[in-house]
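Work through the exercises below with the sequence and the structure in view. Each task is followed by its solution in steps.

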Amino acid sequence: MSFFQLTGTGYIVRIQAVPGAAASRIVGLYGDRLKVRIAAPPEKGEANEELLAFLARQLQLPKDQLRLKSGARNRAKIVEIINLDVALTTRLQALTPPD
């Protein structure tokens, strides 16, 4: 099972966030989620904002095309990407390190 799925408006991405890291980076898969270390504390939504900004940079998308759909106060998060570009599937697949 993949950590993302295509929807009628774009993609849903399942994330396992680990706030408080020295640098934001993807560390691999955590079950059916993409595990991301976030360089922001889990306070006042800072880690959520950094997660969205980091994913936007990694996927080469404007930040306003990403939104936190669920998990604002949990490590398990769902991010919605409003973009139907078929090239985005390839960029999402490239986020995971090779086996």
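**Exercise 1.** Find the place of Lys44 in the chain and state whether Lys44 is buried or exposed.

Solution. Step 1: Lys44 sits in the loop between E4 and H1; helices (H or I, at least four residues) and strands (E, at least two) are DSSP runs, numbered from the N terminus. Step 2: its relative accessible area is 84%, so Lys44 is exposed (buried means under 20%, exposed over 50%, partly exposed in between; 1.4 Å probe, protein chains only). Step 3: Lys44 is not a glycine, yet has a positive phi of about 55°.

The model is predicted: local features need pLDDT of at least 70, side-chain atom pairs count only at pLDDT 80 or more, and totals for chains, interfaces and linings use all residues. Residues are numbered from 1 along each chain as its sequence is written, and side-chain values use heavy atoms, leaving out hydrogens and water.

**Exercise 2.** Locate Gln60 and describe its phi.

Solution. Step 1: Gln60 belongs to the loop between H1 and strand E5 (66-70). Step 2: Gln60, not a glycine, has a positive phi of about 55°. Step 3: Gln60 is exposed, at 63% relative accessibility.
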